[in-house]
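Hi,

Here is the structure I promised to pass on. My notes follow below it.

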Amino acid sequence: MQSAIRCRGLKKTYDGKVEAVRGLDLSIETGECFGLLGPNGAGKTTTIEILEGLLEPTSGDVEILGMTWHGHERELRERLGISLQETRLSEKLTVRETLHLFASFYHHPSPVAHVLDELSLNEKADAMVGKLSGGQKQRLAVATALVGNPKILFLDEPTTGLDPQSRRQLWEIIRQFQKRQGTVLLTTHYMDEAERLCDRLAIIDHGKIIAEGTPAELIAGLSGHHVVEFSISGGNGGGDDAWGRLQGVQSVRNDDGLFCLQVEEPHHTIPALLSAVQQRGAQLAHLTTRQASLEDVFVKLTGRHLRED
Amino acid sequence: MAHLDTQSPPEEKLQTQVQTNGRWAGYWAILGARMKELWREPEVIFWVFVFPLLLAFGLGIAFRDKPADVTSIAVVNNAHAQQMVVLLQRSPQKNAIHADVLDESVALDQFRLGKYSLVVTADDSGVHYRYDPARPESVLARSQVDDALQTAAGRTSPLKAETTQSSEPGARYIDFLIPGLLGMNLMNSGMWGIGFAVVDMRQRKLLKRFIASPMRRTDFLLALGSSRLILMIIEVGLLLGFGVLVFHMKVEGSLLAILLVAALGAVSFGGIGLLTASRAQKIESVSGLINLVMMPMWIFSGVFFSYERFPHAIQPLIKALPLTALNDALRAIILQGAGLSSQWVPLAVLAIWGGVSFLVALKWFRWS
């Protein structure tokens with residue numbers, strides 16, 4: 001079966017020196033929601049804009065719906081819905097007028113009333129864009145992408161800066177689009193978004209894919225699906241390495257005094273941990289266990305957190 | 001109605017809801033959106049429509065035709081001063097000359113400050129005039145006062161002379177001004193209307209968002225140009241109508257010729273505006289550029305006064321400026337009733353500016 005989006009050996013160098021993308025291969029199937037996850041500056045936006053045909057790659061091939069950007073630009077534009085990062089739509093047009101404007105560019109657009117309905121923008125249809133909230137503006141940006149009745153939806157950081165409710169609303173819109181056999185490619189630096197929304201993910205760092213798979217596969221790839229987090233106070237020390245020798249511990253990480261143990265079976269590790277703390281004469285200040293997340297995958301792969309604010 | 005909709009299955013409903021757009025749907029939608037945006041921006045209405053009218057009104061009032069000013073002169077206070085005043089009172093020019101008798105130091109001071117155009121000092125040997133040859137009103141006052149004093153003292157003219165007064169519509173300052181303001185307005189709104197709008201959209205990443213859709217780039221530029229032409233018709237109508245109604249200006253040439261020249265001007269300055277805006281990323285930088293481009297034309301292109309006043313050597317340069325060309329053609333048609341064909345030189349100058357700018361702009365233009 002033909003991939004919806006394919007690229008091979010994608011490279012982008014700015015001004016002959018800054019390497020934003022350093023050899024990237026992707027294959028995204030029809031109907032998939034695929035996420036590019038990575039920290040700011042990892043090359044996500046450069047990658048998605050090359051795939052959108054807005055940037056020319058320094059080298060590498062791009063194929064969208066079996067077509068290339070050279071020679072098929074119009075056909076492709078008719079079939080893609082694109083929402084860029086930080087587009088400010090005209091404030092002196094209403095929501096409905098904005099959608100009519102974007103619909104007019106497509107040969108076979110969806111009816112504006114239908115899109116307003118689907119994105120719950122009916123109430124705001126005649127409000128000026130300048131009067132919308134952040135979440136409503138972002139929904140309108142996605143609406144301008146959906147009004148062309150696209151086969152593939154490209155969303156660059158669609159939920160950045162939105163409140164939790166607006167984010168969930170957008171996720172629902174994306175799922176609805178997927179139900180109609182739509183393919184979605186989105187970038188995000190929110191791991192929970194990637195985990196809940198995406199069928200498959202590529203984790204990007206420094207312009208390269210460092211891991212790829214379903215969220216479950218990526219987490220399973222960690223040795224140890226569980227994380228035991230704790231911190232201690234007092235005691236006579238004994239070194240961080242000692243925690244790694246506890247039963248069932250795969251790896252240890254020290255985040256400013258908060259120890260994170262990656263473990264296979266917490267019910268074996270925790271009793272061992274408790275007695276080790278006691279032996280040191282220390283007190284537990286904090287103890288939790290949780291499922292490993294994509295964040296842990298990222299930290300394991302890069303030694304850094306996804307969002308270093 | 002709702003109960004009718006429910007009878008068709010949802011899939012079928014979706015199918016029937018897909019619309020088809022014609023070739024020019026995008027063009028009309030951009031033009032419509034552009035006009036709505038302009039109309040909803042009160043500043044635009046003011047600067048494009050109201051401001052030129054205020055300017056025309058203000059300048060028309062300030063430079064309206066009125067009887068020549070009364071000449072103010074100072075007579076130095078001495079034994080002969082009273083005799084001078086009496087002579088002036090007896091002269092035929094008595095209503096046009098106002099004389100104050102002052103001490104010499106005060107008189108010279110006020111002369112220097114411009115209150116008086118002439119200082120008259122009389123003594124036993126005759127009359128002494130102090131005037132400034134660089135001040136036209138001072139030169140005029142000298143000969144006017146001399147003439148008055150000599151006549152009052154008994155001089156007769158050897159040659160009989162008669163005069164007729166003439167101030168025809170068409171030769172007044174307001175008649176000169178209105179076509180110049182029209183040209184300047186077409187330049188302003190072309191440069192700002194295109195240049196500013198384009199950079200604003202680029203800065204907001206809206207241009208990039210547009211080209212991420214199947215929008216035709218030529219449609220976008222055509223729509224921008226068309227919106228300029230629509231505004232142009234309103235601008236021309238308002239300014240000319242204002243001149244005719246308020247200042248009884250007489251439009252000699254055909255309205256069609258005026259509109260065609262104004263359209264060429266609007267489009268040419270739109271092209272220059274597009275070139276100015278082809279790369280700028282921020283509205284601050286394009287504002288500076290636009291002013292830099294327009295500044296020489298405000299000064300040299302004969303908007304407020306004739307460019308014949310500038311040195312002969314730079315006249316060819318001045319005539320090569322697009323606003324000079326536009327103003328010349330507008331004045332020839334509006335004031336002298338010239339036809340389009342007689343104006344082919346300025347029209348060609350204008351067209352070359354616009355055409356070359358547009359082509360270079362297309363080559364340089366950045367959508368993101």
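The contact between the chains draws 29 residues from chain A and 24 from chain B, where two residues are in contact if their C-beta atoms, placed from the backbone, lie within 7 Å. On the side of chain B that touches chain A, α3 and α9 (206–211) of chain B each give two or more residues, and α3(B) has the largest share with 7 residues. That side of chain B divides into 8 charged, 7 polar and 9 nonpolar residues (nonpolar: Ala, Val, Leu, Ile, Met, Phe, Trp, Tyr, Cys and Pro; charged: Asp, Glu, Lys and Arg; polar: the others, Gly among them).

Please bear in mind that this is a predicted model: local features need pLDDT of at least 70, side-chain atom pairs count only at pLDDT 80 or more, and totals for chains, interfaces and linings use all residues. Residues are numbered from 1 along each chain as its sequence is written, while chains are lettered from A and ligands numbered from 1 in the order in which they are written.

Back to α3(B): its buried residues are Gly26(B), Tyr27(B), Ala29(B), Ile30(B), Leu31(B), Ala33(B) and Arg34(B) (buried: 20 or more other C-beta atoms, placed from the backbone, within 10 Å of the residue's own). Their cover includes α3 (95–104) of chain A and α10 (217–247) of chain B. Helices here are DSSP runs of H or I, at least four residues, numbered from the N terminus.

Finally, just after α10(A), Gly281(A) has a positive phi of about 75 degrees.

Best wishes

Notes. A residue is buried if 20 or more other C-beta atoms lie within 10 Å of its own, exposed if 12 or fewer, and partly exposed in between; C-beta atoms are placed from the backbone.
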